[in-house]
Amino acid sequence: QVKIVESGGGLVQPGGSLRLSCTASGNVLAVNAWAWYRQLPGEQRELVARLTGRSTTSYIDSVQGRFTISRRNAKTVSLQMNGLKPEETAVYFCNADQIATETGPLYDQWGQGTQVTVSS
């Protein structure tokens with residue numbers, strides 16, 4: 001059906017930056033709504049940023065002004081993360097919330113996650 005794949009995670013020092021990317025492939029014409037989530041060790045998955053429509057974005061308060069979600073093309077989304085903090089060490093997940101296909105809409109397709117570690 002469809003495949004969602006994140007990339008760009010890794011080890012970064014406190015205050016550093018990373019840019020995550022997520023691409024949808026398979027029976028995909030476009031992704032109309034994206035979201036990034038993260039799961040801190042031992043905690044529940046939480047929403048970090050959302051992009052709907054052409055360019056409407058929203059963020060949790062803790063990342064406002066430091067993280068930016070944006071479209072690269074119809075099937076790819078990025079999350080630019082600046083000023084990373086140790087407490088933001090987590091597995092980051094991409095969610096294609098609304099996908100346009102040739103046979104109709106598809107919802108809530110998840111990537112496998114990418115590890116982000118913020119440590120000196």
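**Note on aromatic contacts and the nonpolar core**

1. One aromatic pair turns up in a search of the whole structure. The model is a predicted one. The partners are Y37 and W110, with ring centres 4.9 Å apart. Their planes meet at 55°, so the pair counts as tilted; edge-to-face would need over 60 degrees.

2. Where do the two partners sit? Y37 belongs to strand β4, residues 30-39. W110 belongs to strand β10, residues 104-110. The pair therefore ties together parts that are 73 residues apart in sequence.

3. Is Y37 buried or exposed? Y37 is buried, at a relative accessible area of 16%. W110 is partly exposed, at 37%.

4. R45 deserves a look alongside the pair. R45 lies over the face of W110, 4.8 Å from the ring centre. R45 also lies over the face of F93, there at 3.7 Å from the ring centre.

5. Now the largest nonpolar core, which has 31 residues. Which members touch the most others? They are W34, W36, F67, I69, L79, M81 and Y92.

6. At least two residues each come from β1 (2-7), β3 (18-26), β4, β5 (45-52), β7 (67-73), β8 (76-81), β9 (90-101) and β11 (114-118). Which strand gives the most? That is β9, with five residues. Strand β4, one of the contributors, also carries Y37 of the aromatic pair.

Methods: Residues are numbered from 1 along each chain as its sequence is written. This is a predicted model: local features need pLDDT of at least 70, side-chain atom pairs count only at pLDDT 80 or more; totals for chains, interfaces and linings use all residues. Side-chain values use heavy atoms; hydrogens and water are left out. Rings of Phe, Tyr and Trp (its six-membered ring) pair if their centres lie within 6.5 Å; planes under 30 degrees apart count as stacked, over 60 as edge-to-face and the rest as tilted. Helices (H or I, at least four residues) and strands (E, at least two) are DSSP runs, numbered from the N terminus. Buried means under 20% relative accessible area, exposed over 50%, partly exposed in between (1.4 Å probe, protein chains only). A charge sits over a ring if NZ of Lys or CZ of Arg is within 6 Å of the ring centre and within 35 degrees of the ring normal. A nonpolar core is a set of buried Ala, Val, Leu, Ile, Met, Phe, Trp, Tyr and Cys residues joined through side-chain atoms within 4.5 Å.
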